[in-house]
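Please read the following briefing alongside the sequence and the model. It treats the overall fold and then a single residue.

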Amino acid sequence: MSAHFIAHLQSELDGLRAAGIAVEEACTLVLLRTGPAQGLPAEVRQRAFVGHFANMLRLAKDGDLLLAGPYGDVRHAKDLRGLFVLDTADRQRAEQLAGSD
């Protein structure tokens, strides 16, 4: 992880704490990858994105999603799509949260 990313993440966590939001000291980084359903019609993809964003909003409102974003054009694996930082150090809980997407 780059020093810039770590500083950015720390700044985000500090902002959450300043807003009175409890944040665990240990978080889980989730790498989002392209799923098996590819080549879907535009209408189906659009519905999937609506659901994805609705789920991210729910996770954020519940305090579970601290940070989310897409990968840029440069990535070490073609199937990487984005990432979540979840407010849990518990792997089982993180898998449950990420699996809801």
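Along the sequence, the protein chain follows the pattern α-β-α-β-β-α. Its secondary structure amounts to three helices and three strands, where helices (H or I, at least four residues) and strands (E, at least two) are DSSP runs numbered from the N terminus. This is a predicted model, in which local features need pLDDT of at least 70 and side-chain atom pairs count only at pLDDT 80 or more, while totals for chains, interfaces and linings use all residues. Residues are numbered from 1 along each chain as its sequence is written, and side-chain values use heavy atoms, with hydrogens and water left out.

**Overall dimensions and packing**

- The C-alpha atoms of the protein chain fill a box of roughly 45 × 30 × 25 Å along the principal axes.
- Of the 101 residues of the protein chain, 27% count as buried (under 20% relative accessible area, with exposed over 50% and partly exposed in between; 1.4 Å probe, protein chains only).
- Among contacts (heavy atoms within 4.5 Å) between residues at least 6 apart in sequence, 61% join residues at least 24 apart.

**Residue Asn55**

- Asn55 lies in helix α2, which covers residues 42-61.
- Asn55 counts as buried because its relative accessibility is 9%.
- Leaving aside neighbours within four places in sequence, Asn55 is in contact with Ser100 and Asp101.
- The side chains of Asn55 and Ser100 make a polar contact at 3.3 Å; the term denotes a pair of N or O atoms within 3.5 Å, and within protein one must be able to donate a hydrogen and the other to accept it, while residues adjacent in sequence count only if both atoms are side-chain atoms.
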